[in-house]
Structures are given as structure tokens and as C-alpha cells.
Amino acid sequence: MDARQMKIKAAQAALDHVESGMRLGIGTGSTAEEFVRLLAEKVASGFQIQGVPTSERTARLCLELGVPLKSLDELPELDLTIDGADEVDGKLRLIKGGGGALLREKIVASASERMIVIADESKVVDVLGAFKLPIEVNPFGQVTTRLAIEKVAARLGLTGEIAVRASGDGAFMTDGGHLILDASFGRIPDAEALAAELNAIPGVVEHGLFIGMASLAIIAGPEGARTLAAG
């Protein structure tokens with residue numbers, strides 16, 4: 001089973017948790033896109049949902065495939081969000097934001113009664129941090145913000161480069177018009193402490209640590225899909 005087949009397996013298992021009539025947050029990334037394709041097939045056969053996308057990229061795919069969408073302002077409370085992750089540990093703490101949609105992903109997940117993560121086995125880790133931690137920042141004062149992040153990292157014993165994410169010849173810009181700093185910490189032994197420190201920096205719009213948000217993770221491997229529950 002190749003990587004895409006594993007993503008499809010996870011997406012298929014997640015679809016079993018979606019009931020007709022749900023208000024559904026729809027995530028961003030390659031695994032989430034496999035979920036959208038499977039969801040679109042059910043919608044075409046009469047399945048009823050109202051979707052809220054976490055990015056313009058996801059919105060475009062949903063519209064192309066006929067998945068009905070609403071804005072979060074139109075549906076401010078959701079039943080369920082299905083989204084991918086760049087890393088997930090045994091306590092369902094996540095790193096997200098590799099696709100650059102972490103702010104909207106976190107807002108949508110927070111508006112949902114439940115969040116289910118779909119991923120392949122390569123995303124499961126003992127300690128978060130091998131994947132670069134995305135930190136979304138306001139362009140104004142970005143150097144000051146990066147220095148503040150570096151000081152926080154030093155206090156917590158974290159080392160590694162913190163760099164502005166590039167795209168083409170310039171900096172990557174999020175759907176909200178912000179920059180992303182990718183922090184190569186390698187290991188984050190105390191994710192809760194880092195999240196609290198980052199939240200206290202004025203120039204930080206949001207960060208890719210999703211803690212206490214996922215209730216279930218569906219992990220696909222060569223032998224099929226398994227679930228990890230919060231607790």
C-alpha cells in the first residue's frame with residue numbers, strides 16, 4: 001500500500017463518522033483532499049451536509065466536486081471537523097500548518113463539537129517537533145516577533161533555525177495575509193509550555209500546536225486503519 005492509498009484508507013474510515021445533515025468542517029492538505037473526493041461521491045448520491053472549508057484551496061476543490069459550502073459566519077457552530085495533521089503523538093497533540101492554513105484550521109476546529117484527525121503512520125511520533133513548527137505572524141514587526149520567539153525557545157531549551165517560509169521568489173502568504181515562520185526545533189518536550197509562551201507574543205497570530213482539540217485520530221498503515229482516542 002503506497003502513501004496515497006493509506007491516505008484514502010484513513011479518509012474512508014473518517015467518512016463513517018459523518019452523518020447526513022451534519023455541519024462539517026473540512027480540512028486542508030493531501031489527506032483531507034482524499035476525504036473531500038470521497039465525500040463528494042456521497043453528496044452526489046444524495047448525502048446531505050453543509051461544509052465549512054479551512055482554506056481557499058479546500059474551498060476550490062469542494063466547489064469543483066459539488067460539495068455544498070457555507071462560511072463559518074453562516075454556520076458558526078459545527079458538529080464535526082475532519083482534518084489532517086503533520087504530526088500526532090499518543091496524547092493526540094498535533095502539529096499542523098504544513099499547508100499554511102493553521103489559523104483557519106484552528107478556528108474551524110474550535111467551532112466544532114468534535115475533531116477527527118486523519119493521517120498515515122508516518123505522521124505518528126513519540127515527541128512532537130521533527131516536523132517544523134509553523135508559526136503564523138503579522139508582517140508588521142516580523143523581525144521583532146521572530147526575536148521574541150527565539151527568546152522563548154531559548155528559555156525552554158529549544159534550538160534550531162526559525163525561518164520565514166518562502167514561496168517562489170518571495171515569502172509565502174497565508175489566506176489571511178500573514179507570514180509563516182517555520183521553527184526547526186527537532187523535539188518539543190513540553191508542547192503545552194511552548195504553546196502558552198507563543199500565545200503571549202503580540203506578533204504571533206497563531207501557531208501549529210493543536211493541543212486538546214482532537215478527540216480521535218484515524219491512522220492508516222499497510223495493514224489498514226487504526227484509531228487513537230484522546231485520554
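I looked up the area buried between domain 1 and domain 2 in this predicted model. Buried area here is the accessible area (1.4 Å probe) that two parts lose on being put together, summed over both. I find about 950 Å², with 59% of that from carbon and sulfur atoms. On the domain 1 side, Ile95, Leu102 and Ile211 supply 39% of the area buried against domain 2, more than any other three residues.

I noted the model's conventions: local features need pLDDT of at least 70, side-chain atom pairs count only at pLDDT 80 or more, and totals for chains, interfaces and linings use all residues. Residues are numbered from 1 along each chain as its sequence is written, and side-chain values use heavy atoms, with hydrogens and water left out.

Next I checked the bounds, which come from an automatic or database domain assignment. Domain 1 covers 3-124 + 211-222, and domain 2 covers 133-204. I count 13 residues from domain 1 and 14 residues from domain 2 in the contact (heavy atoms within 4.5 Å).

Then I looked for salt bridges (a side-chain nitrogen of Lys or Arg within 4 Å of a carboxyl oxygen of Asp or Glu). Two salt bridges are counted between domain 1 and domain 2. I also looked up Arg93, whose side chain meets that of Glu192 in a salt bridge at 3.1 Å, N to O.

Last, I took the side of domain 1 that touches domain 2. Helix H4 (residues 102-110) gives the most to this side, with three residues; helices are DSSP runs (H or I, at least four residues), numbered from the N terminus.

Notes:
Helix = DSSP H or I, 4+ residues; strand = E, 2+ residues; numbered from the N terminus.
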